[in-house]
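Visitor: I have a new model open on my screen and would like to learn how to read it. Could you walk me through it, feature by feature?

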Amino acid sequence: MHLKEKSMALRPTAERDNARKQQNRRIQDAATTSNKHVLMNLQAALCGLDEETVLHHRSQYGNNKVTHEKKKSLAKRLAGAFINPFTAILFCLALVSTLTDMIFPYFSLLGSTPEDFNCLTVVIILTMVLISGTLRFVQESRSGNAAEKLLAMITTTCTVTRRGQEKVEIPMDDLVVGDIVHLSAGDMIPADVRILEAKDLFVSQASLTGESEPVEKTPHVCDAAESITDYTNIAFMGSNVVSGSATAVAVCVGDHTLFGSMASAVAGETVETSFTKGVNAVSWVLIRFMLIMVPLVFFINGITKGDWLDAFLFGISIAVGLTPEMLPMIVTTCLAKGAVSMSKKQTIVKNLNSIQNFGAMDILCTDKTGTLTQDQVVLEYHLNINGEDDTRVLRHAYLNSYFQTGYKNLMDLAIIHKTEEAEAEDLRLVDLSEHYVKVDEIPFDFTRRRLTTVVQDQTGKTQMVTKGAVEEMLSICTFAEYDGGVQPLTDEVRRHILQTVDSLNDKGFRVLAIAQKSNPSPVGAFGVKDECDMVLMGYLAFLDPPKESTADAIQALKDRCVRQADPRAEGPCGLHPPGKWTHCRLYGGRYQRRCCHEVCRHRNLCGHRRGCGKGIC
């Protein structure tokens, strides 16, 4: 019998391993063969699948749905709310009290009389259990229903080509193996797909592989690799397109994808929390005390008094007295109160026990973007090489950001927004998008770390504008606009540039460089080779401003003796590295650049009673 149970337990694991091997084999076959053979093996075509083939593939390969944790039935949820080691003790005590205080006296058994009938103990115990379980069941059911309604509001689609339908959006669940999928910047990969055509396609696989940098995907046939994530022509479900575009064919869907196999492996019963373990430990302590105390009291009382029935009843009363009947109700009430308080902050708590885990944290690690900052980059400065505000730098940055066709990141949007704001003050910035036309571009990639566009004005002058990381920009620049003229980029000028950039970095800015070159290669011959002998114009300094509530949040943490730690290095106030500036809307209006000492002087953020008051950096 034991061997049979063991084999049944191992069967799901074996099935998962077998499915994973088949999935890896299909991906490897798709990655190491040509586009023509991939489409042939999947019974697909570039013009898309017809309706009959879609139905056939869906029945053969399954739906594009990933297995999640199944919703518990009403009976299981009720059992989970009412049955645990502590309530089991209470149920046992209620059963024994029913026998000794109600049934025995009612039927005058074992020397009991009807006058001894007393149901108070049983009523108290059952009432405590009922209130505790009902509170937990109602609160968790309401939270679960609210979460399901939120999920139902989210619809995820993908763009495919079906026979007679060019680039139509369909629900992601309707995707089947062999579908032709079209990807662009910002899209989530709907399945494990083989890239057929791609243009500067970069995909973020951080959720699967932990790689922080996006990975370039190409349609070229790959050699066999040890890991399927090493194939550069395969994009996986769960990753997303950072930039570029592509056409691909779905190879694996649903649970047969890499993401699906990982999700189905963990879609089981939730792991016991430390709170649940603690409650169970207390329950077992009570049980051990009862197993020792009740027999001991029973035998001592029976031997000394000779009345064994009375000794038994006294032992039962000891067991009841050792058990805190109200503890489950008190604990559940406190957790439910915490869940209600969290709901007022637009937070859904599906499991009441997680409230205790939330409060028991020692270290909370947060990503500042969207938590402390606004996830909205601001272009604070557009400086020439001398460190002065220069409209020409802003104009060229706008031409680069506006005319690029790839994914416009927050810095590009900040440049465009800043230029539109400044149009009223400077006529040189008015209607730039109408005065220039785009000729060509070299999209951004994470090897070059720069983006180039070629534009032409109304007089026919062609200009190449490049924006990127300072180090990479210096490597392609031979000249610099310095001291009112174009000068060779000597070591002295280069040293001055790096000092200026370091100074901006120390003040908390993210810095990009901007360069230009007139009359590059003609259209058709333009390429990366032309990114040379350029003229460095200046810098763009960006700021990631904090939320208006950041200062108050930090102050509240300080008031509660919570220490904020910066893993990089802490300054005198424990909030910023030395020399870093903090930019807070503490006083309304524009962002004010003040160092951490100045913030502390006004808001006592460093913990000093009157602030350190060391002034502005």
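This is a predicted model: local features need pLDDT of at least 70, side-chain atom pairs count only at pLDDT 80 or more; totals for chains, interfaces and linings use all residues.

Visitor: How many helices and strands does the protein have?

Guide: The protein has 19 helices and 17 strands. Of its 617 residues, 41% count as buried. The protein exposes about 34,100 Å², and carbon and sulfur atoms supply 57% of that area.

Visitor: What share of the contacts with a separation of 6 or more joins residues 24 or more positions apart?

Guide: That share is 65%. Leu-383 belongs to strand β8 (residues 378-384). Its relative accessibility is 8%, so Leu-383 counts as buried. Beyond its neighbours within four places in sequence, Leu-383 is in contact with Glu-388, Asp-389, Val-393, Leu-504, Met-537, Gly-538 and Tyr-539.

Visitor: Now to the inside. Which residues have the most contacts within the largest nonpolar core?

Guide: The general idea comes first: in soluble globular proteins, nonpolar side chains tend to be buried together. In this model the largest nonpolar core has 42 residues, and Val-193 and Val-249 are the ones with the most contacts inside it. Elements giving two or more residues to this core include the helices α1 (2-31), α2 (35-41) and α3 (51-61), as well as the strands β4 (192-204) and β7 (240-252). Strand β7 supplies the largest share of this core, seven residues.

Visitor: Which residues is Val-193 in contact with, leaving aside its neighbours within four places in sequence?

Guide: Val-193 is in contact with Asn-233, Ile-234, Ala-235, Ala-248, Val-249, Ala-250 and Val-251.

Visitor: How should I read aromatic rings, and which residues form a cluster through ring pairs?

Guide: A pair of aromatic rings is described by the distance of the centres and the angle of the planes. A search of the whole structure finds seven aromatic pairs. Ring pairs join Phe-298, Phe-299 and Trp-308 into a cluster.

Visitor: Let us turn to charges. How many salt bridges are there?

Guide: Side chains of opposite charge can pair when their charged atoms come close. In this model the count is eleven salt bridges. One of them pairs Arg-136 with Glu-140, with the closest N and O atoms 3.6 Å apart. Both residues lie in helix α6 (residues 120-152), four residues apart, about one turn of the helix. Arg-136 counts as buried, at 12% relative accessibility, whereas Glu-140 is partly exposed at 25%.

Visitor: Why does the salt bridge of Arg-450 and Glu-531 tie together parts that are apart in sequence?

Guide: First, the side chains of Arg-450 and Glu-531 meet at 2.9 Å, N to O. Arg-450 lies in strand β10 (residues 450-457) and Glu-531 in the loop between β14 (510-518) and β15 (534-543), so the pair ties together parts that are 81 residues apart in sequence. Arg-450 and Glu-531 are both buried.

Visitor: Is Lys-529 buried or exposed?

Guide: Lys-529 is exposed, with a relative accessible area of 58%. Its salt-bridge partner is Asp-530, the closest N and O atoms being 3.9 Å apart. Asp-530 counts as buried, at 8% relative accessibility. Salt bridges with shared partners also join Arg-448, Arg-450 and Glu-531 into one network.

Conventions:
Residues are numbered from 1 along each chain as its sequence is written. Side-chain values use heavy atoms; hydrogens and water are left out. Rings of Phe, Tyr and Trp (its six-membered ring) pair if their centres lie within 6.5 Å; planes under 30 degrees apart count as stacked, over 60 as edge-to-face and the rest as tilted. A nonpolar core is a set of buried Ala, Val, Leu, Ile, Met, Phe, Trp, Tyr and Cys residues joined through side-chain atoms within 4.5 Å. Buried means under 20% relative accessible area, exposed over 50%, partly exposed in between (1.4 Å probe, protein chains only). Contact means heavy atoms within 4.5 Å. Accessible areas come from the Shrake-Rupley method with a 1.4 Å probe; for residues, only the protein chains shown count as cover. A salt bridge is a side-chain nitrogen of Lys or Arg within 4 Å of a carboxyl oxygen of Asp or Glu.
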